[in-house]
Amino acid sequence: SPVIVWFRRDLRLSDHPALNAAARTGRPIIPLFVLDDAVHVLGAAPKWRLGQGLEVFAQSLTRIGSRLTIRRGDALTVIQALIAEVGACAVYWSRAYDPAAIARDSALKASLSGQGVEAKSFAGHLLFEPWTVATKTGQPFRVFTPMWRSVQGRDVPEPLASPSRLPAPSEWPDTEQLETWKLAAAMNRGAAIVSPFVQPGETAAFDTLHSFLDRIPNYATLRDRPDLDGTSDLSEYLSLGEISPRCTWHAVQRAAMNGVSGTEPYLRQLVWREFAYHLMYHSPQLLSRNWKPEWDSFPWNTDATHPDVIAWKQSRTGIPMVDAGLRQMYVTGRMHNRARMIVASYLTKHLMTHWKIGMDWFADCLVDWDPAANAMGWQWVAGSGPDASPFFRVFNPQTQREKFDPNAAYVNRWIAEGQRDPPDTALAYFEAVPRSWALDPSRTYPAPVVELAQGRVRALTAYEGRKIQ
Ligand code: FAD
């Protein structure tokens, strides 16, 4: 009787402990993906990107003699039905760490164990399981640097090899057709516009990693420059599990052993991803509430239909560095980390808008959307999070531009207005947005919705009045 391997955010063959364990049983393997609407509350871009990833992943399974079965519905019901159909004796999967997935997986484990079906979860999404990392007093970390120090010397096991062949069942179960799921339906920015910027799948992930290894010596100096190609672009692959963090970690360590310099700042960044998961696992309120409750009384704007918020979402705040970041995200599904911090600071401080509104917009637009990194990033910038940037440190988008985009190359790549011959990237934004936004590249660039100095003073006044720590 077969083993079902339930794939979720781990669409890969390499370094996949659950798949390896299934292969070791010698039994036929049925790879399954379930679109569980209760848990996959995905925004438009991540949903579209998931579809891209599933298509490529199904092909890679076919190449090793297997087949991806996809079904839609409540995961427990779908899996129970499939077990009954194929007589499976076990279900294996890679762990997820957000509260909705944990509740679902625990319920599945309990129900399968009760009926004598082996239900087993494996590591795979992280370098370090969140419960294996703790402070000296055995508490979860709340601050990044001590966590980084505590894991720096730790052994990260070598990645597992991809299986070259997967044993097939005598008969494949029925599968739904991916096209019928219409995962691109919510992409009112044309999916065709985002497509050229996205190369889904495991092979593309390794190509991206290898090309980055040539550039890694410059990572520390270039990583803050949105105008340059200084970072790895691996986030969307890590987010969907098209590459494992372990493969990434070891590739970088090997490069270091071969004399490549400057690898440590990159490993540190990978541990920021671990930190986000550590926080979310131990304190799931990271996703939904101010980490520091004293922020609950702050007079945030919580109206997502406020004209300032609409201007921010439509990338016409009149602040070029802010609009450039937001437009880059709308067109490519990605945004440089420096720009993420700048646009988030402008929304939460100059526009005094609740970070959740920004977090939700990112969740709708990012192909690398990740629940933990997104929530941590927003709470960090807003000042409400653990180990956060202090609220009084308001990013000035203009001085940030001068420092990190010194030739205005990034701004010019994304802001068409005012340029005699705007590049295709800047024009693509106007093709991507819905007509109802009535945007036109030939118009003059808008005046700031909130002037920088005025917005800063307003935010700091509100903050000082409250004495929030
Ligand atoms: P690199 O600089 O090459 O970093 C390597 C990897 O380390 C990344 O791929 C990512 O997995 C991880 N990483 C780097 N920085 C961070 C960080 N600050 N927090 C957590 N992990 C990090 N990242 C996401 O993957 N998904 C999100 O939804 C997301 N939302 C964010 C929201 C805000 C407001 C902010 C400030 C940051 C957010 N980040 C998010 C973190 C970061 O911006 C991206 O991981 C990074 O820009 C991805 O580009 P890269 O792969 O080239 O990064």
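Two strands count as paired if DSSP finds at least two bridges between them. Strands themselves are DSSP runs of E with at least two residues, helices are runs of H or I with at least four, and both are numbered from the N terminus. With that in hand, let's walk through this structure. What you're looking at is a predicted model, in which local features need pLDDT of at least 70, side-chain atom pairs count only at pLDDT 80 or more, and totals for chains, interfaces and linings use all residues. Residues are numbered from 1 along each chain as its sequence is written.

**The sheet**

Strand S1 (residues 3-7) and strand S2 (residues 29-35) pair in the parallel sense, over 5 bridges. Across that pairing, valine 5 faces proline 31 of S2. Strands of a sheet pair through backbone hydrogen bonds, either parallel or antiparallel. These two belong to an open sheet of 5 strands, ordered S3-S2-S1-S4-S5, with parallel pairing. At the edges you'll find strand S3 (69-72) and strand S5 (118-122), each pairing on one side only. From one strand to the next, the twist averages 25 degrees.

Two helices lie across this sheet. Helix H1 (residues 17-24) lies across S1, S2, S4 (90-94) and S5, and runs at about 155 degrees to S4. Helix H4 (residues 99-114) lies across S4 and S5, at about 150 degrees to S5. Angles here run from 0 to 180 degrees between N-to-C directions, and axes are lines fitted to C-alpha atoms, for helices over the stretch in contact.

**Domains and their meeting place**

Where they touch, 18 residues of domain 2 are in contact with 22 residues of domain 3 (contact means that the C-beta atoms, placed from the backbone, lie within 7 Å). On the domain 2 side, H9 and H11 are the elements that give two or more residues, and H11 gives the most, with 5. That side has 9 nonpolar, 3 polar and 6 charged residues. For these classes, Ala, Val, Leu, Ile, Met, Phe, Trp, Tyr, Cys and Pro count as nonpolar, Asp, Glu, Lys and Arg as charged, and the others, Gly among them, as polar.

**Helices that cross**

H11 and H16 pack at an angle of about 90 degrees, with their axes 8 Å apart. That makes H11 roughly perpendicular to H16, a label that covers 65 to 115 degrees. Residues of H11 in this contact include Arg273 and Tyr277, while those of H16 include Pro371 and Met376. The contact divides into 9 nonpolar, no polar and 1 charged.

**Around the ligand**

Which residues are closest to the ligand? Out of 28 that surround it, the closest are Thr231, Ser232, Ser235, Asn374 and Gly377. Helices H9 (235-240), H11 (264-282), H14 (337-350) and H16 (371-382) each supply at least two residues of the shell, and H16 gives the most, with 6. Domain 2 and domain 3 each contribute at least three residues to this shell. By class, the shell has 14 nonpolar, 8 polar and 6 charged residues.

Key
A residue is near a molecule or strand if its C-beta atom, placed from the backbone, lies within 6 Å of it. Domain bounds come from an automatic or database domain assignment. Angles under 35 degrees count as roughly parallel, over 145 as roughly antiparallel, 65 to 115 as roughly perpendicular and the rest as oblique.
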